[in-house]
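Subject: Structure handover

Hi,

Here is the structure I promised to pass on. Please open it first, then read my notes below.

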Number of protein chains: 2
Amino acid sequence: MTMITNPTEEVRRVLDAVKAEGRTALTAPEGKLVCEAYGITVPNEGVATSAADAAAIATAMGFPVVLKIVSPEILHKTEAGGVLVGVKNAEDVQKGYDTTIANAKKYNAKANILGVQVQQMLAGGQEVIIGAVTDPVFGKLVAFGLGGVLVEVLKDITFRLSPATRDDALSMLDGIAAAPILKGVRGADPVNRDALAKMIQNVSQLITEHPEIAEMDLNPVFATKDGAIAADVRIVVNFSPAPARFRPKHEDIVRDMNRIMKPKAVAVIGASSEAGKIGNSVMKNLINGGYKGEIYPINPSADEIMGLKAYKSVKDVPADIDVAVFAIPAKFVASAVAECGEKKIPGAVLIPSGFAETGNVEGQKELVAVAQKYGVRLMGPNIYGFYYTWSNLCATFCTAYDFKGHAALSSQSGGIGMAIIGFSRSAKMGVSAIVGLGNKSDIDEDDLLTFFEQDDNTHIIVQHCEDLKDGRAFAEVAKRVSKKKPVVVLKAGRTSLGSKAASSHTGALAGNDKIYDDVLRQSGVIRARSLREMLEFARALPILPTPKGDNIVIITGAGGSGVLLSDAVVDNGLSLMTFPPDLDAAFKKFIPPFGASGNPVDITGGEPPKTYQNTVRFGLEDPRIHSLILGYWHTIVTPPMVFAKLLAEIVEEMRGKGIDKPIVVSLAGDVEVEEASEYLFDHKIPAYPYSTEIPVDVLGAKYKWARGAGLL
Amino acid sequence: MTMITNPTEEVRRVLDAVKAEGRTALTAPEGKLVCEAYGITVPNEGVATSAADAAAIATAMGFPVVLKIVSPEILHKTEAGGVLVGVKNAEDVQKGYDTTIANAKKYNAKANILGVQVQQMLAGGQEVIIGAVTDPVFGKLVAFGLGGVLVEVLKDITFRLSPATRDDALSMLDGIAAAPILKGVRGADPVNRDALAKMIQNVSQLITEHPEIAEMDLNPVFATKDGAIAADVRIVVNFSPAPARFRPKHEDIVRDMNRIMKPKAVAVIGASSEAGKIGNSVMKNLINGGYKGEIYPINPSADEIMGLKAYKSVKDVPADIDVAVFAIPAKFVASAVAECGEKKIPGAVLIPSGFAETGNVEGQKELVAVAQKYGVRLMGPNIYGFYYTWSNLCATFCTAYDFKGHAALSSQSGGIGMAIIGFSRSAKMGVSAIVGLGNKSDIDEDDLLTFFEQDDNTHIIVQHCEDLKDGRAFAEVAKRVSKKKPVVVLKAGRTSLGSKAASSHTGALAGNDKIYDDVLRQSGVIRARSLREMLEFARALPILPTPKGDNIVIITGAGGSGVLLSDAVVDNGLSLMTFPPDLDAAFKKFIPPFGASGNPVDITGGEPPKTYQNTVRFGLEDPRIHSLILGYWHTIVTPPMVFAKLLAEIVEEMRGKGIDKPIVVSLAGDVEVEEASEYLFDHKIPAYPYSTEIPVDVLGAKYKWARGAGLL
């Protein structure tokens, strides 16, 4: 292998030649050159023009070798007797050289024979695939998987955004189902992880520095304990890639989003006094919601609406406006956005439908052009608007929502937005904001992430989406934000059927779900598996403290709950703490002699409140224990509300002492457990009746986040 | 391959020899004999004593062949130069014979050389494993998987109860993740499914007829398009298997369980007037629950309890008694059971704890012995008792439950039982029975299945269990019952962590979860993945009609719900109907021009009740459509209760016309959707607020059942 002094220049030269010839793929020698330039090991080879030469080349690279005739006229080398594999020593190479030449001449007397290629023969090791793709959503990605047909059938392959760090690359080796193979099974040698990670990183660097490389396959790569060699290289190029999506600067996003989400003055374009009109609902929600900023109704044919002076245009308002909420028909929207631009309003909330979602793609393009011209950020169109509870702001035509809290939710779909509002109200979920994104002509998930990142009222960001307009921008922002606050995403259209519905709904390009899955994980995002799970995470995660370690203990009054809770622990990739003898003895002291030893701590069914109290207190006080999962069982001796109150009391007492560990509770019992669960939630302890899985799923999500954020 | 005239006798002879020699495994030649007796193809082979002989044997079996020296003194044949592989013709076989003999003599001049083994050389094809195990829960099982280390790592193997039918065997070929490999990928030939299925069946027959065979491995089996050959055979025997568990006769179970579950007269042993005592709670529940049969309080120190004459012993009661509910301390239970036996009471409901679950294993054994002596069936001990709503019977110390319906639920754990009661009451779930099984000293899940099978008040049977005392009996009964009524099982202790908790809780042997999974599926059982799912299935499945075909249509007001519902469809192994053009056109007629074509039918958000009405009615009326999934979106135009009422009306109208298709509903909206969901449930339409997954999971379970029962 030859290291090139200036790899970028070397590759540039190759790509220029390919471009000049109008090709879309590199030849094998070009691929080899490119690989060598970036330190990607390929088999050693050389062309010999004499038997002695062949032997010298072979001796230098080591045996065994493969000999192949080199002649432009001989395409089917094997047929011509022009290939010898497994040649084991210098003497045989010399003989083989002569045989190969002789066979070739016999096969085609007119052939122009340039020599014999001597190639290092690869044997043994594990076959893997390292590759690269250009995804329409996420751009450059590196891929890793095992070689072979079984892996193809099982689709056991993993992706990371490029550029990939060394940690990213190493995580790929562990990120496939067949990962144990790489560590050596049945006495096989483990592969050289460093060499594989390095090759992944080299591919990543290559495609990052040369975006014309659209696809790349190193397949197979032979991975052994000593290193990794790419036996075959395929590189596809694209010299006219899609232009990058326009992204405002970070500080501009922060400035504008703060004015939009926390406005001092709101204009309602299309405000109305007529009940049933959207412009009337918006006015009512703003006024009755308790918003304290200025409200300017805009309506060309009214002087006053709901007691407020109305203006014909935003331009007539004699003061600054931070955001304009639109409640006018689609055809009037573009010109009104232009007026907003002239008035230097940074944001337009476009409730109106009738754009891309109904096929009016041109209308939406026009809108975006106008907005970009004036620097107006657009939310929507085709949305319910948004809520920002800490400003008592209901900039929406839906029902008001005023239960302040720390979860910021958004949805691409209005239907899901309504489900968020209903669930939140029903579960008394503390919310900082609920935002509709609809057609996402401009403002999208990463703008919201950027705003909520610096919004002190928001402790968790929860987003429903069907597509990402700019997956790379999202991933970059999410990676940063998720280090500070949990980011939960419900990505709809996961399955091919779902994706079909997604594209008919929004015209969005369906993303490959495996890529979404890997990139979201790489970005520290917790992916919700269902709508209900997304909502439960939004409700519970902000009130659950961050765990400080992996030692989880189940304390249960019902052995049966203990078993199901243990199942859920494993399902969530968690594990129960193994008790040292003193810990086991300490718990046993509190419980009847026939209670089960170890973890779960089974306090048994007939116990008085004191037993719950003692064991939970001990679990909180012992510094080796990091999280508690409680399985309550309704009995006459310890009724639900007695349990709930004593638990809330202990937790409060401990919080007073600076001990604040995650506790989640599963309650098995008659309907009184519902009241008890609500009481516990009110006291910032996630608790669930009739479920052993939701409490553990919630705890699992908090762990997942803490790990991704490097807090564990 | 030689077919043996009497295979059973032949194998018996081999096994007798193994037993006589005190061995636990068969030698290779013995294994070969056994395989040949049962038509399991093994490589052809023969021992030659001359070069000409070797050539003749090889020519008869076909080339290539392997030659191996046969000598008791030469164990390391390869080292001795005594193995030649890939010998291609008669001439080479003759030469090979001589070489092998010469090498062996050179290696060990004193070796007694018996000849040269000529063996058919297997090449190509797909390596698979066919095996058999004896599971402590389920007994004889056959296993199938792909060969190779990757499959071992991915644990891609599947099990079926033996004897396995041809359909069972074929389902195993499709039951592994790597199944597509068998069908031929990348141009490879598909394997011969008949040959593999036949080999599985032959193994199944062998181990069924010879239960001494404890384990068997055919590994690898070479599967090609032409057939399957087991290259290596390993058979492990056990001549002292565990004795079979005692099972009453079917008609005895039915007779006794009917008297126990639907008694005309109940005795309460340990009945009490003192509030707070279990014997008092049971009396109150029986009397206040509205039970119309006779109630006999048994208490040696009372003449009357709650207005009823009390007796010192059941033997003093001057009438027949069908069941005795026990509310006395553990130490008195055995003698009281004996009295029940003398009184010919067929069943004892043992609420008392203090038996195996507290370590008192002997006490429980004694109890069982007494009960078996008298033929008294035992429910429990260590249970809450049971409910049978249609007799207004609350034979339990827990809170009464009286909402009559068609779901029969049972739980091994009291905690889960309480969760069942609470959820049922909260969700107004119609229940026929709730039964606690506790320690399962006698009556277990298959006794309940046998009773509920013939109980007309029960339409679905839902069971929580941590283990099965007799998995084979359960599987056999479940296979029969599930053809008539859905059987749902929540098997706790799925994971190794869960299993650990299970064994500390009940002393039950943890079952291998993969085996449970496969056998439950083979038995037509729907496995619930979580407690909440089990409860939701119990609530919804009895009111959901059985689908008559696979054509599922989503009708939604919210495109976003449509996407998530589509995801859920795929997650449940279902698929959306592809519309023929006329169907698409018919739906389009009812919806705005910008609504999405095809399936999901997106009627869009702002539509009046009429649009839901038209599309749902059409979906019900068109005979090509078999099931509907509705995604409702809360709007001012069609509020939740308006939607709920119109839907209930259409469904009722259609039911009047004999059209009764499964419909499930997801409601996205503000809290009013909760009332609407309840209203729909009351009208026998499963409906769920804030969830797109539960409705489809429920529909999926009904489909799974219908398929398993052969109704689809």
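Between chain A and chain B, 2 salt bridges cross the interface. This is a predicted model, so please read every value as computed from it. One salt bridge pairs A:D670 with B:R425. The closest N and O atoms of that pair lie 2.7 Å apart.

Which elements of chain A supply the side that touches chain B? At least two residues each come from α5 (149-154), α7 (179-182), α13 (414-426), β23 (487-491), α16 (496-506), α18 (531-540) and α19 (559-571). Of these, α19(A) gives the most, with 11 residues. By class, that side of chain A has 38 nonpolar, 26 polar and 15 charged residues.

Now the contact as a whole. Chain A puts in 79 residues, and chain B puts in 79 residues. The area buried between them is about 6,000 Å². Carbon and sulfur atoms give 67% of that area.

Next, chain A by itself. Its secondary structure comes to 24 helices and 29 strands. The C-alpha atoms fill a box of roughly 100 × 80 × 40 Å, taken along the principal axes. Chain A has 712 residues, and 59% of them count as buried. Take the contacts in chain A between residues at least 6 apart in sequence: 70% of these join residues at least 24 apart.

One helix of chain A to look at is α15, residues 471-481. Which of its residues are buried? They are A:G471, A:A473, A:F474, A:A475, A:V477, A:A478 and A:V481. An α-helix has 3.6 residues a turn, so residues three or four places apart point the same way. What covers the buried residues of α15(A)? The cover includes β7 (157-161), α14 (445-453), β22 (460-465), β23 and α17 (513-522) of chain A. Note that β23 of chain A also supplies at least two residues to the side that touches chain B.

Last, a strand in chain B. Why is β10(B), residues 233-237, largely enclosed by the rest of the structure? Because 4 of its 5 residues are buried. Strand β8 of chain B, residues 213-223, is joined to β10(B) by 5 bridges. The two strands run antiparallel. To find the pairing on screen, go to B:D217: its bridge partner in β10(B) is B:R234.

Best wishes

Terms used. Residues are numbered from 1 along each chain as its sequence is written. Chains are lettered from A and ligands numbered from 1 in the order in which they are written. This is a predicted model: local features need pLDDT of at least 70, side-chain atom pairs count only at pLDDT 80 or more; totals for chains, interfaces and linings use all residues. Side-chain values use heavy atoms; hydrogens and water are left out. Contact means heavy atoms within 4.5 Å. Buried area is the accessible area (1.4 Å probe) that two parts lose on being put together, summed over both. A salt bridge is a side-chain nitrogen of Lys or Arg within 4 Å of a carboxyl oxygen of Asp or Glu. Ala, Val, Leu, Ile, Met, Phe, Trp, Tyr, Cys and Pro count as nonpolar, Asp, Glu, Lys and Arg as charged, and the others, Gly among them, as polar. Buried means under 20% relative accessible area, exposed over 50%, partly exposed in between (1.4 Å probe, protein chains only). Two strands pair if DSSP finds at least two bridges between them.
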